[in-house]
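Subject: The structure I promised you

Hi there,

Here is the structure we talked about, handed over for you to explore. Please open it first, and then read my notes alongside it.

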Amino acid sequence: MRPPPMGGRVAECRVVTAPLPLVTAPRRESAPSVPDRPPKTPTMNDKSPSRAVAWLVCALVAASLYGNYYVYDSIGPVADALQRQRGFSDQQIGLLNAIYSLPNVVLILVGGVLVDRFGAARMTLWTAAVCLLGALLTALSPGFAGMAAGRLLFGIGAETFGIATLAALAQYFVGGKVAFSMGLALSIGRLGSFSSDMSPTWFPQAYAQGWQPPLLIAAAMAAASFGGALLYWWLDRRVAAADKGIAQQQAQPFVWRDLLHFGKAYWFLLALCVLWYSVILAFRSTFAIKYFQHAHGLDLAAAGAMNSYVFLAAVFATPAFGWLCDRVGRYAPFLAFGAVLLPIAMALMALTATSLWVSTALIGVSFSLVPAVMWPLASRLVSPSRFGTAIGLMWVAQNAGIAGANLVAGWLNDRAGAGAQNPAGYESMMLFFGLASVGGAVFALILWLTAGRRAQERAALAA
Ligand SMILES: N[C@@H](Cc1c[nH]cn1)C(=O)NCC(=O)O
């Protein structure tokens with residue numbers, strides 16, 4: 001009944017003696033290839049109780065992600081109130097979000113290793129607790145320093161929490177539907193981001209009272225997230241207790257050299273992750289609204305709405321694409337398709353007068369498809385006992401890329417004097433994001449055409 005554990009005392013479970021539901025065939029240690037089809041095992045029988053347990057875990061992880069992503073995006077809606085009521089500068093408000101990413105440039109690798117060491121369930125619980133403390137500190141602090149410390153604490157917990165939740169799904173859905181389950185959980189997370197953006201409409205009384213009540217609502221969301229994590233941890237303990245009789249092996253100690261054994265496909269995926277997320281998150285989260293206003297003549301409300309449709313599309317499309325991937329059994333072509341849509345959208349926006357709806361739709365598909373495939377694919381490219389480390393390393397580079405892209409794009413805009421009076425000043429920023437998105441698409445294509453093809457050839461030979 002228990003999935004192959006990822007860490008802690010019950011970590012390495014690739015040798016399985018009993019025909020257990022949810023415990024599946026061994027995966028490759030460091031294969032540089034992209035699987036054509038998820039391993040078909042007899043473990044995910046539609047009516048087996050273990051399948052129900054896996055979906056319960058998925059529901060708890062998704063609920064937990066909802067609260068976590070709500071807090072992640074909770075500063076934007078109170079930015080104006082923080083400026084008016086507490087006199088915060090733009091730089092201070094920017095820092096409340098930047099301080100989330102900066103420590104993670106180093107720390108998530110440690111977080112990933114801890115996930116492999118102590119297991120997904122324990123780390124989900126511990127990091128959800130850290131996130132709750134961070135959200136409370138942010139909401140209750142009387143001064144800027146306390147709020148910044150709260151966001152720092154939240155960031156330290158949240159990124160490792162993200163890895164632990166992906167690891168949980170990779171464990172429980174190892175026999176099938178991994179992309180669908182991850183897509184579903186991520187889509188509920190996106191719903192949390194969307195809810196946070198919509199909270200001024202949903203909780204007008206809270207916003208009428210000032211900056212604090214909305215942040216207390218965010219802290220309540222973090223508490224709900226912790227509740228979900230607690231239930232998941234409890235369930236995982238019960239599953240472990242039911243599996244007492246099964247031979248389990250000790251966790252492998254972490255060895256830095258292991259990183260070099262991840263294989264080429266993993267490194268292509270990491271490069272795509274850095275470039276694609278840098279464009280998506282730095283452009284969409286920081287500059288898109290301003291760019292739509294100044295270069296495309298939208299007012300603030302229309303620009304904000306246009307941007308939020310990307311989130312909304314992802315809520316529905318991410319699990320749908322995950323389902324499709326599981327069903328078709330292909331990953332790399334979908335990833336390449338999603339990655340190629342991004343430079344096309346950037347080119348349409350920057351170089352043509354095509355309606356913004358077209359580029360928004362393309363970015364919406366890309367934002368739904370790439371994460372729906374990237375994380376399940378990562379779970380198949382490395383050994384289960386190194387999944388946390390592998391994602392940790394990807395997110396170290398991703399956070400550095402996002403922070404760097406924000407700084408470079410801001411510098412390019414300032415240098416060119418970009419603004420409402422000078423829309424052409426955005427050209428260098430768009431060129432930068434365009435080139436980065438082309439780079440991401442190239443790595444996705446290489447991943448598909450080299451590692452993916454080789455896997456197909458091997459499969460054909462084996463047949
Ligand atoms: N490292 C995280 C960054 C993030 C984005 N939203 C909340 N955290 C990540 O890549 N998560 C996976 C995702 O696609 O959201």
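Below is what I found, going from the whole chain to single residues.

First, two words on the ground rules. This is a predicted model, in which local features need pLDDT of at least 70 and side-chain atom pairs count only at pLDDT 80 or more, while totals for chains, interfaces and linings use all residues. Residues are numbered from 1 along each chain as its sequence is written.

The whole chain

The chain has 15 helices and zero strands (helices are DSSP runs of H or I with at least four residues, strands are runs of E with at least two, and both are numbered from the N terminus). Of its 463 residues, 55% are buried. Here a residue is buried if 20 or more other C-beta atoms lie within 10 Å of its own, exposed if 12 or fewer do, and partly exposed in between, with C-beta atoms placed from the backbone. Two residues are in contact if their C-beta atoms, placed from the backbone, lie within 7 Å. Among contacts between residues at least 6 apart in sequence, 82% join residues at least 24 apart.

Leaving aside neighbours within four places in sequence, Leu-272 is in contact with Ala-339, Gly-440, Phe-443, Ala-444 and Leu-447.

Helix 10 deserves a look of its own. After helix 10 comes Gly-297, with a positive phi near 70 degrees.

Around the ligand

Which residues surround the ligand? They are Tyr-69, Tyr-72, Glu-159, Gly-162, Leu-186, Tyr-277, Pro-371, Trp-395 and Gln-398, where near means a C-beta atom, placed from the backbone, within 6 Å. Helix 1 (49-72), helix 6 (144-172) and helix 14 each give two or more residues to this shell. The shell divides into six nonpolar residues, two polar and one charged. In this count Ala, Val, Leu, Ile, Met, Phe, Trp, Tyr, Cys and Pro are nonpolar, Asp, Glu, Lys and Arg are charged, and the others, Gly among them, are polar.

Met-182 sits in helix 7 (residues 178-202). Met-182 counts as buried because it has 32 C-beta neighbours inside 10 Å. Not counting residues up to four places away in sequence, Met-182 touches Leu-166, Leu-169, Gly-322, Trp-375 and Pro-376. Met-182 and Ala-372 are 190 residues apart in sequence, yet 6.7 Å apart in space, C-alpha to C-alpha.

Gly-189 is in helix 7 too, and is buried, with 27 C-beta neighbours inside 10 Å. Beyond four places away in sequence, Gly-189 touches Leu-65, Tyr-66, Asn-68 and Tyr-69.

Ala-158 belongs to helix 6 and is buried, with 26 C-beta neighbours inside 10 Å. With residues up to four places away in sequence left out, Ala-158 touches Asn-68, Tyr-72 and Cys-131.

Lastly, Pro-384 lies in the loop between helix 13 (356-381) and helix 14 (387-416). Is Pro-384 buried or exposed? Pro-384 is buried, because 26 C-beta neighbours lie inside 10 Å.

Enjoy exploring!
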